[in-house]
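Here are a few notes from my pass through the model.

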Amino acid sequence: MTGEKPANSSVTAEIDLASIITGNEQRDAHIRSADFFEVETYPKMTFRSTGVREDGDDYILDGELTLKGVTKTVPLRLELNGFAEDPYGGTRAGFTATTEINRGDFNVSFNAPMQNGGVVVSDKVNIHLEIEAVLAS
């Protein structure tokens with residue numbers, strides 16, 4: 001829900017993990033398996049904001065991310081891209097949101113060693129969102 005000021009806003013987002021498509025059917029099936037998201041047991045990932053605070057010209061959207069039955073506090077850095085009138089008489093706001101999580105914190109722990117050392121999948125996951133919201137009237 002958007003408020004007159006970004007700090008008066010809140011958000012709840014739900015992502016159907018079965019909808020993830022990487023362009024490779026074998027990889028998609030693996031991502032949905034127990035090695036990664038375990039979609040049959042945990043079909044959704046959710047984010048629920050708990051507050052918004054100013055940080056210079058940007059904002060921090062504090063919230064709780066739930067993935068594979070684990071809920072952790074995750075702050076999203078928000079950049080306000082602006083406001084515009086839409087063709088339906090409403091006002092829209094654009095945001096860019098970014099954060100980084102450790103997938104191990106959410107029990108996503110699959111790793112396969114590479115022949116020359118290291119592992120196939122990084123523990124760090126960078127999240128980048130482009131968001132369009134309609135101001136509540």
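1. How many aromatic pairs does a search of the whole structure find? The search turns up 1 aromatic pair, where rings of Phe, Tyr and Trp (its six-membered ring) pair if their centres lie within 6.5 Å, with planes under 30 degrees apart called stacked, over 60 edge-to-face and the rest tilted. The partners are Phe-36 and Phe-110: their ring centres sit 5.2 Å apart with the planes at 55 degrees, so this pair is tilted.

2. Before going on, the ground rules. This is a predicted model, so local features need pLDDT of at least 70 and side-chain atom pairs count only at pLDDT 80 or more, while totals for chains, interfaces and linings use all residues. Residues are numbered from 1 along each chain as its sequence is written, and side-chain values use heavy atoms, with hydrogens and water left out.

3. Phe-36 is in the loop between helix H1 (25-32) and E2, and Phe-110 is in the loop between strand E6 (91-102) and strand E7 (124-134), so the pair ties together parts 74 residues apart in sequence. (Helices, H or I with at least four residues, and strands, E with at least two, are DSSP runs numbered from the N terminus.) Phe-36 is buried at 12% relative accessible area, and Phe-110 is partly exposed at 22%. Buried here is under 20% relative accessible area, exposed is over 50%, and partly exposed is in between (1.4 Å probe, protein chains only).

4. On to charges: the whole structure has 7 salt bridges, each a side-chain nitrogen of Lys or Arg within 4 Å of a carboxyl oxygen of Asp or Glu. One of them joins Arg-53 and Asp-62, at 2.7 Å from N to O. Arg-53 is partly exposed at 42%, whereas Asp-62 is buried at 17%.

5. Another salt bridge pairs Asp-55 with Arg-77, at 2.6 Å from N to O. Asp-55 belongs to strand E2 and Arg-77 to strand E5 (residues 76-85), so this contact ties together parts 22 residues apart in sequence. Asp-55 is partly exposed at 33%, and Arg-77 is partly exposed at 36%.

6. Have a look at Asp-86 and Arg-92 too, bridged at 2.9 Å from N to O. Asp-86 is buried at 12%, while Arg-92 is partly exposed at 26%.

7. Last one: Asp-57 sits in the loop between strand E2 (44-55) and strand E3 (58-67). Asp-57 is exposed, at 75% relative accessibility.
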